Amino acid sequence: MASFSFGSLLILSAIFRFILILYGEWQDAHMEVRYTDVDYIVFSDAASLMASGQSPYLRSTYRYSPLLAFLLIPNSIFHRCWGKFLFSASDLLVGFFIRTILKKRGVPENLCIGSVMVWLFNPFTFTIGTRGNCEPLVCAMVLKILLCLMNGQLLQAAFWYGLVVHFRIYPIIYALPILLILNQNVFKSGLNPALQKWSQGDEKVPQSNLPTRLAHIFNPWFLLRSTMTKERIIFGLVSGSIFIFCTALFYYLYGWEFLHEALLYHLTRTDPRHNFSIYFYHIYLHHEHEFSVVEKLISFLPQLVVQLVLVLSFAQDLPFCWFAQTVAFVAFNKVITAQYFVWFFCLLPLILPWSKMKLKWKGVLSVSIWTGAQVHWLMWGYLLEFKGKNVLIQLWMASILFLAANTAVLSLIIHQHKLTALFMLPETAADNAKKSKKSN
């Protein structure tokens, strides 16, 4: 694997995606089932409206930032496949960012190549971009934020964070772990943060004491003293300003329609159609009635509790924390579609070098549990949607099984992960440098 260079891997991936885009055009023209994602048609229609000076929200079901429609204006000028090439290029950029992040953390080349391949040749990822879904753009921005933090580029990280939260609201869950790792002793002016390098050894890494951290968080004096640092204030002000600027600009241009469709809709979304979420059946039965505050709270509470526990436990290992958060966020969400899986697939390669899990047997077991639960759900979904069978109860049970599978696999990954802080304190970095010199 080490003899297979990263450049060759990237070229092969690009050619593969180019062929898939061409094949998609052929399938759309000759087969009943289209290759192109229905969302891509919505994006393209919205971009065409924007190009003619109209609101993209005149296209029903367009519920994204106007930035996305703006990026796809060339669809109506040059070729309808422009967006697919843009998303596929973002897909390749994610692969580049994955390798860059791993190399900066001292991961050997063979492990870097293996980890990048998990992204570039994952059937979920290479089909998402070539079918015209915008998620690779979001994944690229998320990894860019991480890379900026690793380089000590706080302003750039804040800029991209404000932009990505405007573009796709879910990365708001990363705010707390980012603020927790913005230690003033790590992010010193004019100095790059010291990164904890990859090590093949099995040394124990001190883990966070959850009860202690909870006690600190609910202590008002500790909150005031520890949170109001220069780094956190700068990050909050810059990212918040970018988010507010984008929101205010598009509110001025498109009014309440933008605010509702691009932001508020996603906060209150309840989809009565069948999807992977355990909540879909309840929503299906009651979608004609307004949900009470208590019902909304009950569905939101598990997500909130799980997110807090994961952040307080793993924030110092930032890539792993983001991965665990995203898996849990998707698993407990009120609406789950297959494109959401890409959100954590882009983070998976960043944690593989620190996993003690071997492909045989625990790795295969994890993949089998997750894939098997998904295929089981899809079987019932097929019987409902294409055969017209009344299998809603069975489909709901399959959703519960899928949640259990996600929980089991995440638990297994957590137990097999070697928790390693992303950043080192300057004193620790200096001590490590002295030890390295002595050993040489």
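Biologist: Happy to look at this with you! How many salt bridges does the count come to?

Modeller: This is a predicted model, where local features need pLDDT of at least 70, side-chain atom pairs count only at pLDDT 80 or more, and totals for chains, interfaces and linings use all residues. Residues are numbered from 1 along each chain as its sequence is written, and side-chain values use heavy atoms, with hydrogens and water left out. A salt bridge here is a side-chain nitrogen of Lys or Arg within 4 Å of a carboxyl oxygen of Asp or Glu. By this rule the count is 9.

Biologist: Which residue's side chain meets D91 in a salt bridge?

Modeller: D91 sits in helix α5 (residues 82–104), and its partner lies 74 residues away in helix α1 (residues 6–30); helices are DSSP runs of H or I with at least four residues, numbered from the N terminus. D91 is buried, at 1% relative accessible area, where buried means under 20%, exposed over 50% and partly exposed in between (1.4 Å probe, protein chains only). The N to O distance is 2.9 Å, and the partner is R17.

Biologist: Nice! Is R80 buried or exposed?

Modeller: R80 forms a salt bridge with E25, with the closest N and O atoms 2.8 Å apart. That pair joins helix α1, which holds E25, to the loop between α4 (74–77) and α5, which holds R80. E25 counts as buried at 18% relative accessibility. With a relative accessible area of 54%, R80 is exposed.

Biologist: One last thing: which helix gives the most to the nonpolar patch?

Modeller: The patch includes L176, F300 and L308, and has about 550 Å² of accessible area together, by the Shrake-Rupley method with a 1.4 Å probe, only the protein chains shown counting as cover for residues. Patch residues have over 30% relative accessible area and no salt bridge; like charges are joined within 9 Å, and nonpolar side chains (Val, Leu, Ile, Met, Phe, Trp, Tyr) within 5 Å. L308 is partly exposed, at 39% relative accessibility. With 6 residues, the helix that gives the most is α15.

Note on methods. Helix = DSSP H or I, 4+ residues; strand = E, 2+ residues; numbered from the N terminus.
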